[in-house]
Amino acid sequence: MAEPPQSSARSIFGSLVLIAVVIAGAAAAFAYTAGWFSPERLTPNKMVDALTPPTGVPLGHRRNHAKGICFTGVFEANGAGSALSHAQVFTRGQYPVLGRFNLGTADPNARDATVRVRGMGLRISTPDGQEWRSAMIDPPIFPMSTPQAFYELLLASASKDPDAMKTFAAAHPEFAAFGAWAKTAPWTGSYAEDQYNALNSFVFTDDSGAEHSVRWSFLPAAQPVSVSPDDLAKRGPDFLEQEITERVRGGPQRWTTVVTVANPGDPTADPSKAWPEDRRTVEVGTLTVQQIEPERDGPCRDINFDPTVLPSGIRTSDDPFPAARSSVYAKSYDLRTAEAKDYPRTATDAKP
Ligand code: HEM
């Protein structure tokens, strides 16, 4: 039976209201995600803006750890990790690796000798289709306890106020331990001589379903040789890329993968706090870097070493960093891949 005209008009009005509510809801969700309702909320956009170096937005590059070089190799699991995690990557065997040595700077043209923090991005793939991605650095602790404090550190270090860093350090006592490391830790002349630490805590689940809070590190087989910053400054601006390219051409470079297991009560949510030295460690395998490849058009350029991309058997913990990092890395990835035409090293005369 045909509806009377008045009821039909009411039903059209009802539909329009519903559409308006849906659109308003989507707009509100967008505004919330962008942080428009709460200007004080930390968002990926704010973090990426705060990372901008004095030299300007590094178009086409990673918004942090902007300078680096790709490598390929293999991870050989010795089977010992299977007692802690059922991830296939710990089953005895060899698994392909794609990685990137890098410098902790947002300036892609920084001189190597000026950058204190060095890093390694890693993706290990297993036949079950899963991946273990990790992005690690060489200090034994992270400078800050929380993503918010890291953001404030970025603001303070970019501030024109000459006392900004002093004020910041006074308000954030955890920063002192990193400062001491930065001042006193020896420098090396090679990516191959550095140890890379995940610093964030993760949770391994074993075959029985039991969970273990862990952190992991990659310890170099090469003997570290300390070189003074003054001597490093005399080397070329890209000496690390050149050195690792020549060294790997001469033979593969290796790192032992060590998993440290927390005791109950260890600070899993704070990467600025080291765990006591006596914690149980398990050597789970060896990373072998077999080939260095240029970053320009190389296999690691379009990879996001997002620390939350983990195989079944490894998950994030109560540490707030991996989730924060994931959202910021995605923002950085979106920006840099959309800026491909501005990426200066796609020119044929570019290096390395
Ligand atoms: C909230 C804190 C952090 C922020 C905002 C941040 C930000 C970033 C950004 C924007 C990138 C570039 C991502 C891309 O475009 O692919 C990056 C890369 C990287 N970050 Fe972080 N990061 C944070 C914490 C950490 C921590 C705790 C570590 C190590 C323990 C770390 C190690 C690295 C490394 C090694 C890379 C280079 C990875 C690669 O080669 O692609 N970051 N970071």
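Me: Which residues form one aromatic cluster?

Reply: F75, F90, W132, F202, F204 and W216 do. The rings that count are those of Phe, Tyr and Trp (its six-membered ring), and they pair if their centres lie within 6.5 Å. This is a predicted model, in which local features need pLDDT of at least 70 and side-chain atom pairs count only at pLDDT 80 or more, while totals for chains, interfaces and linings use all residues. Residues are numbered from 1 along each chain as its sequence is written, and side-chain values use heavy atoms, with hydrogens and water left out.

Me: How many aromatic pairs does this rule give?

Reply: The count comes to 16.

Me: How is a pair of aromatic rings described?

Reply: By the distance of the centres and the angle of the planes. Planes under 30 degrees apart count as stacked, over 60 as edge-to-face and the rest as tilted. The ring centres of W132 and W216 are 4.9 Å apart with the planes at 80 degrees, so this pair is edge-to-face. W132 belongs to strand β4 (residues 131–137) and W216 to strand β7 (residues 211–220), so the pair ties together parts 84 residues apart in sequence. Helices (H or I, at least four residues) and strands (E, at least two) are DSSP runs, numbered from the N terminus.

Me: Are W132 and W216 buried or exposed?

Reply: Both are buried. Buried means under 20% relative accessible area, exposed over 50%, and partly exposed in between (1.4 Å probe, protein chains only).

Me: What kind of aromatic pair do F175 and F178 form?

Reply: A stacked one, with 6.3 Å centre to centre and 25 degrees between the planes. Both residues lie in helix α5 (residues 175–184), three residues apart, or about one turn of the helix. F175 is buried at a relative accessible area of 16%, and F178 is buried at 12%.

Me: Where does the charged end of R116 sit?

Reply: A charge sits over a ring if NZ of Lys or CZ of Arg is within 6 Å of the ring centre and within 35 degrees of the ring normal. The charged end of R116 is over the ring of W181, 4.7 Å from its centre. R235 lies over the face of F239, 5.8 Å from the ring centre.

Me: Which residue is the only protein donor of the iron atom of the ligand?

Reply: Donors are N, O and S atoms within 2.8 Å of the metal (3.2 Å for Na, K and Ca); water is not among the atoms, so sites may look incomplete. Here the only protein donor is Y329, through OH at 2.1 Å. Y329 is placed in helix α8 (residues 321–338).
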